[in-house]
Amino acid sequence: MSAEPLLTVERLRKHYAVTKGILFARTLGHVKAVDDISFTIAAGETLGLVGESGCGKTTTSKLILNLEEPTDGRILLEGKPIHGLKGEALREFRSQVQAVFQDPWSSLNPRMTIGRIIAESLIVIGWGTPGKIEERVRELLRQVGLRPEQATQYPHEFSGGQRQRIALASALASRPKLIVLDEPVSALDVSIRAQMMNLLKDIQARDKLAYLLVAHDLATVRHMADRTAVMYLGRIVEYAPTKTLFEDVRHPYTKALFSAVLQARPNQPEDEIVLPGEVPSPLNPPSGCRFHTRCPFVMARCAVEEPRLREVSPGHQVACHLYQAA
Amino acid sequence: MRRIPWIPITIISVIVIMAAFAPLIAPYSPIDQTLPDKLLPPFWLEGGRGKYILGTDPFGRDILSRLIHGARVSLIVALLALTAGGGVGLAIGILAGYLGGPVDSVLMRLVDAAFTFPAILFALLLAVTMGQGMATLVIAISLLLWASFARIIRGEVLALKQRDFVALAKVRGCSALRIMLTHILPNVLNTFMVLVTLNIGVVIIAEAALSFLGAGIPPPTPTWGLMISEGRGRIADAWWVSLIPGIAITLLVLSVNLFGDWLRDRLDPRLRQL
């Protein structure tokens with residue numbers, strides 16, 4: 001890792017007020033979608049962000065994309081805060097941080113040709129003459145494995161996998177430094193997921209791109225991410241190099257998450273950890289460790305004291321009292 | 001691909017050509033009265049004369065000539081009112097739906113207010129203050145139309161706003177204005193076209209009602225709506241006076257609806273190459 005990370009997320013919080021009534025609206029409480037998370041992404045690396053639905057992964061990606069304002073904390077791109085940018089600085093940020101979303105059927109405007117879709121960010125930033133932009137679009141189409149002459153076609157003429165490649169090409173157009181990949185392959189058929197993941201890795205290797213990979217699927221993260229953060233109810237519970245994490249799972253929640261994955265060797269004895277109950281409401285999260293209501297290893301102090309992220313081995317951080325001296 | 005709707009296109013073309021070249025096509029003046037020839041039935045009925053193909057009205061004016069001239073007034077009113085009212089509704093619907101928040105609240109309360117407003121009363125008020133005529137009529141009908149356009153377009157925009165390509169446009173660096181013009185507008189044009197065609201009927205009926213009440217085009221200028229109302233007292237013995245412009249309105253509205261339906265499919269790129 002270089003001295004200064006590309007992206008720094010510091011004590012980020014995003015709370016949504018839940019209100020009732022129309023004229024004299026009362027605030028019933030706050031949904032703590034993201035509650036005090038910190039991490040960094042170095043240039044050229046992939047950070048995986050995993051967790052079940054509703055844990056705050058997508059909110060985190062929206063905050064990083066500057067589509068939402070944080071309640072507290074800040075996000076720095078190359079040392080500069082990204083929220084509150086205006087005019088030229090905001091345009092600059094937009095060209096550096098891009099995104100690919102989950103649903104390829106919803107992420108392309110059905111009324112635009114794919115050439116126009118891919119050129120969008122270039123047109124907005126006034127990147128060059130129409131001829132130059134057209135040349136860049138052709139180059140991008142080739143990069144993602146489509147034919148340049150397909151630029152005049154409309155999105156409905158493409159399959160889901162091809163659409164996701166088009167979405168990637170349009171994210172790449174402005175030569176960003178970071179791309180937020182929000183479940184980039186989960187909507188694709190299993191047979192083409194590997195293709196898409198390999199394409200993402202090839203492009204990353206060539207362009208020195210950093211990815212924030214948001215996923216619920218552990219196989220994707222394992223294949224793609226250099227480091228992985230596991231989220232539960234708006235908090236990061238475990239954060240480690242992916243290899244370490246998969247070999248040495250520490251947090252009880254991560255263990256349960258990993259054990260839920262189908263095994264490649266179904267004859268081996270299964271020791272799936274089935275968590276009792278439902279994910280508690282983020283409107284009123286449990287006291288102390290948020291996982292204590294479902295944790296198989298719960299102790300008395302878990303209900304009162306919130307565990308902090310502590311390093312258990314180099315680069316491997318866990319927020320759990322099991323690994324912390326009293 | 002659906003077949004091109006030749007019959008509606010032909011009917012619309014005939015009416016549009018009639019409207020455009022009315023003085024050249026109409027056999028008689030639409031205004032001059034020939035009282036001895038009043039209330040003659042169409043030529044194929046007993047008592048009808050070949051001279052007046054579609055008969056005459058209570059003032060002895062040739063119904064065919066009035067129909068041809070009336071097409072002009074009705075179409076111009078429809079075109080202007082739909083452009084003005086529909087355009088304003090489209091713009092307000094997009095602004096309210098996309099910007100949301102206080103802009104949405106204010107604009108939608110205006111729409112609610114417009115719905116509670118008695119349009120006919122307002123038209124009469126306009127006629128009194130501005131005088132009768134086409135401008136009054138167009139303004140009155142536009143005021144009747146814009147709110148329903150705005151409400152429907154807003155709903156469409158709300159759904160569209162949830163699509164990922166809108167969020168991605170923002171990520172790519174598009175301004176709100178650019179998103180509204182290049183991402184939202186083209187995706188609501190289908191709905192807009194359908195609304196326009198569905199409302200041509202509404203406009204023609206509204207024009208008729210207002211002209212009848214004296215808030216629209218003053219007689220003796222022929223409009224289709226005015227022609228229907230002129231025959232309403234004679235419906236038992238001279239039904240053709242009302243029925244013939246009624247048939248003309250029905251044919252026009254039906255043709256425009258069928259054409260609009262086809263156009264909607266045609267404009268949808270998903271269906272274009274099927």
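1. A residue is called buried when its relative accessible area is under 20%, exposed when that area is over 50%, and partly exposed in between, using a 1.4 Å probe and protein chains only. Gln204(A) therefore counts as buried, at 10% relative accessibility. Gln204(A) belongs to helix H6 of chain A, residues 190-207, where helices (H or I, at least four residues) and strands (E, at least two) are DSSP runs numbered from the N terminus. Leaving aside residues up to four places away in sequence, Gln204(A) touches Gly44(A), Glu45(A), Thr46(A), Leu209(A), Ala210(A) and Tyr211(A), contact meaning heavy atoms within 4.5 Å.

2. This is a predicted model, in which local features need pLDDT of at least 70 and side-chain atom pairs count only at pLDDT 80 or more, while totals for chains, interfaces and linings use all residues. Residues are numbered from 1 along each chain as its sequence is written, chains are lettered from A and ligands numbered from 1 in the order in which they are written, and side-chain values use heavy atoms, with hydrogens and water left out.

3. Chain B has eleven helices and zero strands, and its C-alpha atoms fill a box of roughly 75 × 50 × 30 Å along the principal axes. Of its 274 residues, 48% count as buried; among contacts in chain B with a separation of 6 or more, 70% come from residues 24 or more positions apart.

4. In chain B, helix H3 (residues 63-99) packs with helix H8 (residues 176-213) at an angle of about 140°, their axes being 8 Å apart; the axes are lines fitted to C-alpha atoms over the stretch in contact, and angles run from 0 to 180 degrees between N-to-C directions. Among the residues that meet are Ala78(B), Leu82(B) and Gly86(B) from H3(B), and Ile184(B), Val188(B) and Phe192(B) from H8(B).

5. Helix H5 of chain B (residues 119-130) has twelve residues, which at 1.5 Å a residue should span 16 Å, and its end C-alpha atoms are 16 Å apart, which agrees; the expected span is 1.5 Å times one less than the number of residues. Which residues of H5(B) are buried? They include Ala123(B), Leu126(B) and Ala127(B), and the buried residues fall within an arc of 100° seen down the axis of H5(B), so they line one face of the helix; the arc is that of the directions from the helix axis to the C-beta atoms. The buried residues of H5(B) pack against H6 (134-161) and H8 of chain B, whereas Leu121(B), Leu125(B), Val128(B) and Thr129(B), on the other side of H5(B), are exposed.
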